[in-house]
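The exercises below concern one protein chain. Work each one from the coordinates before reading its solution.

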Amino acid sequence: MPNLFTMRLAAPIASLSGPRIDTVGDSLPIPTRSMITGIIGAALGISYDQPQVLQQLQDTMRLAVVVHRAGTVIRDYQTVRMALPHMTGPMWWNDGKQLGVMKREGGEPERTITGERPLTCDYDATVIIELLDGAPFGIAQILNALRNPIFLLCIGQRSCIPSMPIAGSPLEATKLVDGVSMVGTGTVYLPAECAQSGKFGDLYLSIPAGREWMSREHGGSDTYVVRA
């Protein structure tokens, strides 16, 4: 049986946020596994009080991405309240010479700072998802939920509404490398472990991988081979 299916992520504005250093955020060229997990979880109605289900879903999928239109990154800004719980604890710092980790103390409830938030305009990509052994949901169940979602589907932030249906279709292929040739043209991001050495591309790129859904902390990375 096929174990591959597609999702289309197209929007006038998408939020593909990467790691942040201080108040400056980075933008990614493709979505992370945690983002795809969040979209599927929202469609199925899985809330944050079911972290084990989200974790199992994230850990039993592998992604390839074909970016049809990379879009243009702009910089918005947001106001951050320093007393919020996630504003305390370890954080990255960079003094221009060295990257390290320091403990963030938060601040007084009325204290705010402004920070940058990157947004990608006019983005269009097809994600090919491979469900691995132990996946908690099947392809038909996921696609049906994406067509009739329980919670709002967005591409990053809640304000980033897709411009076309996210639900794609099953692919009659057994390998991600075969699936990418079935979804149109663009820049291809294929997991390094799925690409034959020297026969796919020569640019390797690490993308933040996932999330520890119990604590909501991000970590790890996936390595892709890129072919334009």
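**Exercise 1. Two helices**

In which hand does H1 pass H2 in their crossing?

Solution. 

The model is predicted: local features need pLDDT of at least 70, side-chain atom pairs count only at pLDDT 80 or more, and totals for chains, interfaces and linings use all residues. Residues are numbered from 1 along each chain as its sequence is written, and side-chain values use heavy atoms, with hydrogens and water left out.

Step 1. Locate the elements. Helices (H or I, at least four residues) and strands (E, at least two) are DSSP runs numbered from the N terminus. H1 covers residues 33-44 and H2 covers residues 51-59.

Step 2. Axes are lines fitted to C-alpha atoms, for helices over the stretch in contact, and angles run from 0 to 180 degrees between N-to-C directions. The axes of H1 and H2 come within 9 Å and cross at roughly 125°.

Step 3. Classify the angle. Angles under 35 degrees count as roughly parallel, over 145 as roughly antiparallel, 65 to 115 as roughly perpendicular, and the rest as oblique. H1 and H2 are therefore oblique to each other.

Step 4. Assign the hand. A crossing is left-handed if the near helix is turned anticlockwise from the far one by less than a right angle, and right-handed if clockwise. The crossing of H1 and H2 is right-handed.

Step 5. List the contact (heavy atoms within 4.5 Å). H1 contributes Arg33, Ser34, Thr37, Ile40 and Gly41, while H2 contributes Leu54, Leu57, Gln58 and Asp59. Sorted by class, the contact of H1 with H2 has three nonpolar, four polar and two charged residues. Here Ala, Val, Leu, Ile, Met, Phe, Trp, Tyr, Cys and Pro count as nonpolar, Asp, Glu, Lys and Arg as charged, and the others, Gly among them, as polar.

**Exercise 2. Arg8 and Asp124**

How far apart are N and O in the salt bridge of Arg8 and Asp124? Describe where each partner lies.

Solution. 

Step 1. Apply the criterion: a salt bridge is a side-chain nitrogen of Lys or Arg within 4 Å of a carboxyl oxygen of Asp or Glu. The count by this rule is five salt bridges. In the bridge between Arg8 and Asp124, the N to O distance is 2.7 Å.

Step 2. Arg8 is in strand E1 (residues 4-14) and Asp124 in strand E8 (residues 112-131), 116 residues apart.

Step 3. Check accessibility. Buried means under 20% relative accessible area, exposed over 50%, and partly exposed in between (1.4 Å probe, protein chains only). Arg8 has 25% relative accessibility and so counts as partly exposed, whereas Asp124 has 7% and counts as buried.

Step 4. Inspect the surroundings of Asp124. Apart from neighbours within four places in sequence, Asp124 is in contact with Arg8, Leu9, Ala10, Val67, His68 and Arg69.

**Exercise 3. Backbone and totals**

Solution. 

Step 1. Most residues other than glycine have a negative phi. Asp122 has a positive phi of about 60°.

Step 2. The protein chain has four helices and twelve strands. Buried residues make up 42% of its 228 residues.

Step 3. Among contacts between residues at least 6 apart in sequence, 76% join residues at least 24 apart.
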